[in-house]
Amino acid sequence: MGEKVKSLLLALLGAAHSLNHSLFLVLPMYLPKIAEEFGTSLEVIGLMAAISGFLYGAGSLVGGSLSDRLGEIRVLAMSLALSGVSTLIFLIARDLIMFGVGLLFMGAWASLYHPTANSIISKVFQRNMAEAMGIHGTGGNIGFMFAPIITVAMGDLWGWRYPLFFFGLLNLVVSTLLLKIFPPVEKTQAAGNIWDAIRIPGVWTLLFCNIAIGLFYNGVEFIFPTFLENRGLFSMLKGVAVFSLLAVGILGQWLGGRASDSFGSRRVLIAALTGVVTGLFLLLTIPHAVISVSAFILIYGISFYGHQPAMNSIVGLTTPNSERGTVFGILFFSAFGLGSASRAIASSCADRFGLESVFYLMTLLSISALLLSLKVPSPQNRRFTRKS
């Protein structure tokens, strides 16, 4: 594959990445309104979102295995197209049951994306893999950092359903482009399975670290806009704050990828999670709202998004091609499937003890992720070999 073709592929994957996340950025912006419309509580909406998030993670187990068997392009196109079509359900949803069905379908089909995209990037970009992972993440951030602004602009005018439908249509466009420009090829290499993947030494350590990361990330992402509103920021400023967090993430993705290739992925992972803990601590301890939120956005944004290319490159450098998608699926499931439980936990905690308590809990979870990262094996000068 030529360099120009590689660049085009990475650009399309960046767009797909942004849209995959944009689908899930609408709900947090309108939590109170959605709960009021359907006559329920934040806790119930949070539970439904947690179930959808669990499918979003659990489906990655299927997506990773499918990409090893059917080829990445086929699975990517299917994920984008069907998650986009699922947004039509929200246009006709007039009760809580239909709303829940929409969340389930959207989460299930969107779940196939991440392990598949990471797998193809790790195979196509053998040199500077972490940088390519970082660019993929950066492309995603450039696109989906605008999602909160678009969501608020469209949602305040026409209601929360229409931003979801808009992002769904864009998913269909990117799916069509992928199939047109990169026709699928038949797989010739035998694929492994989940059992083979989990027997690779080091995978279990990565999995537990990823669970802790997923727990604090999902809780922060889900409650942060409402937390800002509680701090006195009105709707548009709330959108700007989330926009800024994602914009700072662009720098984090780029720095994380470049630094991982230069200094080692494990070192960058540990440094990034240290920054996450620091950002959450400052959000809770600085009394001035604007200063605390600004410090959080800068430090947490760079650090959290900086950890992603480091973690992904560790997997890409230490797993065989035949099981790479499956391993990425396992890790994505650990972060976004098991980790999605924190959406329900955070909502319940907010209802019972207040929004501040949620971020104390997320800080404790981030500390556990940092401690686990100290046990993650380095890919430098070694490859994992499967236990017999």
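Predicted model: local features only at pLDDT ≥ 70, side-chain atom pairs only at ≥ 80, totals over all residues.
**Leu 27 and its neighbours.**

**The core around it.** Next I looked up the largest nonpolar core, and it has 110 residues. Leu 27 is listed among those with the most contacts inside this core, along with Phe 99, Phe 216, Phe 224, Tyr 300 and Phe 359. Which helix gives the most to this core? That's helix α13, residues 203-230, with 16 residues.

**Phe 336.** I moved on to helix α17, which covers residues 321-338 and holds Phe 336. Buried or exposed, I wondered about Phe 336? Its relative accessible area is 11%, and the cut-off for buried is under 20%, so Phe 336 counts as buried. I then checked what Phe 336 touches, again skipping residues up to four places away in sequence: Gly 53, Phe 54, Tyr 56, Gly 57, Tyr 217 and Asn 218. I also looked at the pair Phe 336 and Gly 57: they sit 279 residues apart in sequence, yet their C-alpha atoms are 4.5 Å apart in space.

**His 114.** Then I went to helix α8, residues 113-124, where His 114 is found. His 114 has a relative accessible area of 7%, so I noted it down as buried. Not counting residues up to four places away in sequence, His 114 touches His 17, Asn 20, His 21, Tyr 56 and Phe 332. Tyr 56 was already in my notes, as one of the residues that Phe 336 touches. How far is His 114 from Asp 156 in space? I got 30 Å, C-alpha to C-alpha, for a pair 42 residues apart in sequence.

**The whole chain.** I zoomed out and went through the secondary structure: 19 helices and zero strands. Along its principal axes, the C-alpha trace spans about 55 × 45 × 35 Å. A compact globule with 388 residues would have a radius of gyration near 21 Å, and this chain has 20 Å, so the two agree. I also saw that 59% of the 388 residues count as buried. For contacts between residues at least 6 apart in sequence, 86% join residues at least 24 apart.

**Surface and charge.** I noted 25 positive and 17 negative side chains, with the centres of the two sets 11 Å apart.

Notes. Residues numbered from 1 in each chain as written. Heavy atoms only, no water. Core = buried A, V, L, I, M, F, W, Y, C linked by side-chain atoms within 4.5 Å. Buried < 20%, exposed > 50% of the residue type's maximum accessible area, 1.4 Å probe, protein only. Helix = DSSP H or I, 4+ residues; strand = E, 2+ residues; numbered from the N terminus. Contact = heavy atoms within 4.5 Å. Rg over C-alpha atoms; globule rule 2.2 N^0.38 Å. Lys, Arg positive; Asp, Glu negative; His and termini not counted. Charge placed at Lys NZ, Arg CZ, Asp CG, Glu CD.
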